[in-house]
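Hello,

Please have a look at it first.

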Amino acid sequence: MPKQPLLKLENISKFYGSITALSGVTTEVAESEVTCVLGDNGAGKSTLIKILAGVHQQTEGTIHFDGSEVMFDSPRDALGHGIATVYQDLAMVPMMSVWRNFFLGSEPTKSFGPLKWIDTKEAKQICKDEMAKMGIDIRDTEQPVGTLSGGERQSVAIARAGYFGAKLLILDEPTSALGVKQSGVVLRRIVEAREQGLAVIFITHNPSHAFPVGNRFLILNRGHSMGSFAKDEIDVNDLTRLMSGGAELEALHHELRNMDTKIDG
Amino acid sequence: MNDQESSTTATETPSGDTATDAVVAAAAAGSDERLAYRSVFQRLFVRPEVGGLIGAAGIWVFFWAVSETFGTVGQTFTWLDTAATLGIMAVAVSMLMIGGEFDLSSGAMTGAMGMSIIFLVKETSELGGLGFPLLIAIPLSLFVALGIGWLNGFMVERTGQPSFIITLATFFALIGLKLGLSKRFVGQIQIGRTDEASDFDFFQPIFAAEWARNGHVFELRDLFYISLFAAGVVLTLLSVCELWFKHADKKNPAGLTEFIGGLGLGIAAGIGLHITDGVGANTAIAAVMAVAVFLGIHGWVSWRYEPVTDRGSIVLDERMRRQLGTGLGLVMLAAVVALVIDSSSSHEFFFPFTTQGIRVILFVLLAAAGMALLAMASQAALSASPATKGAVTSVLALAVGIIAALTFLDSEASKFRASMFSVLLFAAIVVLVWGFVASRFVERRIKSDSADRLGGRMMVLGIVTIFIGLAFRMMFITEAELLAEVPPAKTSIRLFWFVLFTVTMMWVLARTRFGSWTIAVGGNKEAARQVGVPVARTKTQLFMLVSASAWFVGLLVAFRINSIQSNAGDGQEFFYIIAAVVGGTLLTGGYGTTFGGAIGACIMSMPLAGISAARWNTDWRFLIIGMFLGFAVVSNKYIRNQAEAIRR
């Protein structure tokens with residue numbers, strides 16, 4: 001691909017004491033592209049995200065972001081560089097209102113002398129407008145986030161990331177807890193974010209969600225990279241096979257077929 | 001209210017045609033069909049502090065009714081004064097609890113901080129004295145307080161242990177320090193005196209000013225108070241109308257005339273109520289006022305809001321007829337009991353086996369059963385025609401009126417009877433107004449932003465006006481009130497600090513980043529951290545806020561009584577936490593208001609003053625407080641559950 005990658009990871013490894021959580025991961029993301037990170041439970045997806053989001057620091061390897069080598073000390077630091085992460089648990093406070101959640105940590109303020117307060121009117125308006133851009137007409141920005149549906153919550157999180165000038169959007173299993181229809185909504189949001197020029201890292205363990213939206217696929221298994229592929233190099237079946245470590249799934253397949261025959265017989 | 005709820009659910013459960021209708025109607029009105037309309041009370045009840053507010057009003061009415069002096073200005077200041085020191089701490093502790101932490105050292109800290117001031121200003125003691133002026137001692141002790149708060153926060157954050165345990169350690173450390181140091185310094189467990197400081201006279205008014213004013217008999221202030229109070233009440237009532245009903249296209253001028261008449265009557269009654277002390281006159285005026293309220297609401301509503309298309313005719317089904325008949329019969333029976341059985345035999349009101357006792361029990365049982373049946377009929381009537389609803393509630397109101405008159409019949413405890421009478425009569429009028437309005441006017445089913453905004457602003461304005469009026473009334477106390485047998489009424493500056501602190505913290509919580517972050521760290525700490533909220537810093541600041549408040553309360557005490565016991569404040573931390581919880585703050589954090597904490601403090605302090613005002617045996621006070629608290633918490637929880645159920 002001709003594009004200059006926005007984020008480039010080289011040989012990222014992370015050890016917790018003697019435990020290897022991640023070893024030798026290499027991949028890249030360009031603007032207006034979606035890189036999918038696929039892997040089964042315990043494959044190291046979460047560790048990778050936490051490194052990118054600044055929650056943890058890598059033990060080995062280098063991260064190049066926007067042309068320079070970086071190391072994120074804290075979530076705030078990563079945010080400051082323009083990396084926004086939408087976590088699996090959504091990083092939202094369920095009992096707080098939608099607009100407060102939208103602006104949490106970066107509230108717009110007005111001030112008079114030493115006094116500083118949140119510009120609630122503007123905050124609510126921006127929140128409503130940004131949600132409308134995502135195609136969601138939020139009923140009342142004062143309602144607690146806990147009362148929104150899963151898809152709407154994902155949308156708040158994605159809209160928030162986009163509004164705060166993120167260049168790279170990391171989505172941690174956004175579809176895992178959603179129904180079929182809501183997953184579709186979220187996948188559409190991912191495509192929309194891509195169209196707006198954002199680079200997206202989409203973490204999932206569902207290849208059929210990843211394949212339609214992804215431009216590049218990084219497959220992890222037990223902390224090891226099974227390779228990073230462009231879309232034209234791979235198909236859905238290969239993804240599934242690589243994710244599960246290939247042979248294991250075939251064995252399972254075999255076993256299940258045996259069971260079927262037994263029941264039939 | 002039940003009528004309201006049932007009607008709302010009945011018409012708005014989206015099923016089949018009804019749902020389609022709702023969607024069409026909403027689209028036509030340009031609003032959102034997904035928003036089910038919530039009535040005024042439903043919207044009010046989702047506020048966390050409303051449960052506490054209702055509890056406070058209930059307790060106030062209770063003590064006002066059972067004692068001769070509880071409602072007086074003097075008594076009001078007695079409990080407000082207690083509430084002030086408790087409340088400042090309760091507000092700070094509410095903030096901390098919203099932020100998801102506890103501080104068990106906060107009570108002991110108030111005493112410790114008061115003591116630290118006295119240590120610093122003392123000129124002589126067994127170890128010699130520092131003899132600082134207050135100008136230095138006050139900031140120095142604030143510095144110490146902030147240090148302890150910081151330590152609490154730091155330890156909680158660093159160890160990751162529950163703040164319950166960490167601050168328990170601080171609590172014991174402070175108790176030990178207080179006792180040990182005071183024994184070491186002055187050889188006794190009480191340490192004085194604040195006024196040894198050279199600049200005591202300068203600081204005394206700031207922390208402990210008291211006013212007992214003034215000598216005037218009339219009373220520009222009364223006029224001011226009454227007009228503000230009346231205006232506030234009117235605004236609040238109108239806001240309910242705005243929030244509740246749909247606007248009419250054409251306004252009905254007759255309604256406006258009626259409204260003005262009602263308003264005039266209300267103001268006249270207010271003035272009358274203010275200048276009389278007689279129980280009978282009070283009662284009569286209460287009745288007039290209730291009529292005025294009825295006229296006011298009815299007039300305003302018929303001016304601004306459209307009547308329902310067709311009122312229909314009165315239709316009673318078999319069940320309703322039975323309920324009405326039995327209910328009325330029971331009420332009549334209650335009247336017979338009250339009138340026939342000899343009432344002059346005994347004063348042992350509550351003893352069940354005297355003639356009087358049996359009479360009371362019979363009367364209460366019959367009246368309650370009768371009214372319950374009538375209320376059921378009135379609820380059922382709503383699904384019949386509006387005219388039926390009007391007729392049935394009129395009957396209910398009549399029954400309440402009869403019961404009210406009966407309680408007033410023979411009066412030994414004149415104040416008690418009179419107030420019961422007023423309350424019941426007022427209830428009768430409310431029932432009548434509600435029935436009338438429900439039968440004649442369409443309810444607003446669809447959210448209307450402009451009406452909501454107008455209604456919301458009117459309500460805030462009304463409540464603020466009422467409070468300004470009350471404050472004005474309290475600031476200026478007449479000679480007669482000072483000479484009365486009740487404890488002399490004094491306004492103390494504590495109240496001012498209490499109100500100022502509460503209002504400031506309300507603003508901080510609702511409008512600043514720190515407030516938002518407080519809610520966030522209490523609601524979901526990890527989420528807050530992930531989006532860049534400095535969690536440790538916010539929590540530490542909250543601990544420091546609590547300890548700074550403890551410092552301030554310590555100062556108030558040290559200046560008021562001029563000395564500090566070494567055990568001052570110990571154990572109070574539970575009162576702060578309870579006040580916060582009663583005020584609607586969640587024990588687990590993330591939800592609550594500081595205003596609720598202030599209300600909670602009032603709920604805690606009212607029974608103390610009320611019990612002595614009612615001349616009850618004060619040995620039982622903690623039992624009574626415990627019962628009140630239990631009731632307040634349970635009802636609070638119930639109201640919140642109801643509200644949440646509606647909200648979803």
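Below are some notes on chain B and its contact with chain A.

This is a predicted model, in which local features need pLDDT of at least 70 and side-chain atom pairs count only at pLDDT 80 or more, while totals for chains, interfaces and linings use all residues. Residues are numbered from 1 along each chain as its sequence is written, and chains are lettered from A and ligands numbered from 1 in the order in which they are written.

Chain B has 25 helices and four strands (DSSP runs, H or I of at least four residues for helices and E of at least two for strands, numbered from the N terminus). Of its 648 residues, 45% are buried, meaning that 20 or more other C-beta atoms, placed from the backbone, lie within 10 Å of the residue's own.

Two helices of chain B to look at are α7 (residues 134-159) and α8 (residues 163-186), whose axes come within 9 Å and cross at roughly 140 degrees. (Axes are lines fitted to C-alpha atoms, for helices over the stretch in contact, and angles run from 0 to 180 degrees between N-to-C directions.) Residues that make the contact include B:I148 and B:M155 of α7(B) and B:I166 and B:T170 of α8(B); two residues are in contact if their C-beta atoms, placed from the backbone, lie within 7 Å.

Where chain B meets chain A, the contact takes 22 residues from chain B and 24 from chain A. On the chain B side, α20(B) gives the largest share, five residues.

Enjoy exploring!

Conventions. A residue is buried if 20 or more other C-beta atoms lie within 10 Å of its own, exposed if 12 or fewer, and partly exposed in between; C-beta atoms are placed from the backbone.
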